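The model is shown below.

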Amino acid sequence: MNIFDRKLKENGLYPLKVRWVNQIVANVGYRCVQRCRHCYMDSSPERTEEMPLEIVNKLLTILKEHDEISLLEITGGSPEITPYFKYLVSSAVDMGKTVATVSDLVVYTEPGMQDMPEFLAANRVKILASLPHYDEEKVDMVRGKGTYAKSVRALKRLNELGYGEEGSGLKIALVHAPVGPELARDKNILIEEFQTNLKEMHGIVFNHLIIFINMPVGRFRRLLTDTEYTEYMQLLQDNFNPDTIGTLPCRGVVSVAPDGRFFDCDFYVAAGLPVKCESTHVDNFDYALLNNREIATSPLCFLCTAGQGASCADCHS
Ligand code: SF4
């Protein structure tokens with residue numbers, strides 16, 4: 001039994017099981033227009049892995065055959081630069097699914113991508129946009145020089161289209177993470193600061209703030225010395241909060257890697273920890289098995305359960 005399961009057991013919460021799968025998170029490729037230093041996926045412009053059409057079509061068949069799955073979230077890399085992104089979005093929307101996409105924002109300022117915000121608005125796609133902070137220096141330190149200015153330009157364009165505007169039905173959530181190996185600050189204070197500063201400095205509005213802490217795999221893990229890594233994991237463990245278990249993202253999700261394999265979450269796609277279930281791939285999808293599976297926990301789960309926990313539960317409200 002791993003240390004996370006032992007903690008669950010101490011709190012009468014073992015084993016961690018799926019509650020109700022109503023969402024597929026499709027990672028359509030690791031290539032990204034950015035090379036952020038906190039990226040657990042190790043995404044960059046040099047990555048080449050992307051979901052082939054065959055897997056995209058199998059995913060669409062699963063969505064079509066399962067009314068229980070009402071939500072498709074698309075992630076990457078920069079999902080928008082993969083070849084079948086628009087096809088996947090339009091097909092899922094035509095089936096009546098709610099579609100959300102993770103975005104680095106910078107992608108909308110790239111050549112050939114300028115029409116993407118209009119496409120997303122027309123399909124009422126929710127946007128989960130990476131903006132680690134409202135402060136330019138902090139964003140550029142984590143995501144590269146000039147990123148903040150491009151992100152602000154992209155957010156203003158999305159606001160012009162109605163994203164973030166009350167009553168428009170076009171939702172945008174910003175994704176915050178601290179700079180280093182630390183817990184996030186109080187969620188309500190962060191929301192207030194983001195709202196006030198982005199409004200006052202740039203006139204930007206948004207619907208939700210999603211708060212993560214940095215996942216020590218991929219590029220972020222390599223930034224840490226072994227001592228820093230050990231201290232970070234201990235900090236997370238010491239701050240285990242049993243109240244976070246009810247809203248863990250993995251309890252309603254199947255994550256799909258670009259090659260069609262299933263995982264409990266996108267963090268686990270990055271860490272290479274597959275589902276503990278006989279249904280392992282789009283080729284042998286079995287809703288009943290996946291819906292009854294036990295989550296393949298590991299010490300990385302302390303990331304989602306420390307302090308306030310990962311706040312993705314409210315990002316699709
Ligand atoms: S890392 Fe988080 S989302 Fe992934 S399986 Fe563990 S608790 Fe669930």
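## Overall fold

In this predicted model, the secondary structure of the protein comprises twelve helices and eight strands. Along the principal axes, the C-alpha atoms occupy a box of roughly 50 × 45 × 40 Å. The radius of gyration is 19 Å, which agrees with the value near 20 Å that a compact globule of 317 residues would have.

Of the 317 residues, 45% count as buried. When contacts between residues at least 6 apart in sequence are considered, 73% of them join residues that are at least 24 apart.

## Nonpolar core

In soluble globular proteins, nonpolar side chains tend to be buried together. Here the largest nonpolar core holds 96 residues, of which Ile24, Leu59, Ala129, Val256 and Leu303 touch the most other members.

For Leu303, once its neighbours within four places in sequence are set aside, the contacts include Ile213, Met215 and Leu236.

## Surroundings of the ligand

The shell around the ligand consists of 13 residues, and those that come nearest are Cys250, Asp264, Cys265, Cys301 and Cys304. By class, this shell is made up of eleven nonpolar residues, one polar residue and one charged residue; aspartate counts as charged, and Asp264 is among the residues that come nearest to the ligand.

Two helices, helix 10 (266-271) and helix 12 (302-305), each contribute at least two residues to the shell.

Definitions and conventions. Residues are numbered from 1 along each chain as its sequence is written. This is a predicted model: local features need pLDDT of at least 70, side-chain atom pairs count only at pLDDT 80 or more; totals for chains, interfaces and linings use all residues. A residue is near a molecule or strand if its C-beta atom, placed from the backbone, lies within 6 Å of it. Helices (H or I, at least four residues) and strands (E, at least two) are DSSP runs, numbered from the N terminus. A nonpolar core is a set of buried Ala, Val, Leu, Ile, Met, Phe, Trp, Tyr and Cys residues joined through C-beta atoms within 7 Å. A residue is buried if 20 or more other C-beta atoms lie within 10 Å of its own, exposed if 12 or fewer, and partly exposed in between; C-beta atoms are placed from the backbone. Two residues are in contact if their C-beta atoms, placed from the backbone, lie within 7 Å. The radius of gyration is taken over C-alpha atoms; the globule rule is 2.2 Å times the number of residues to the power 0.38.
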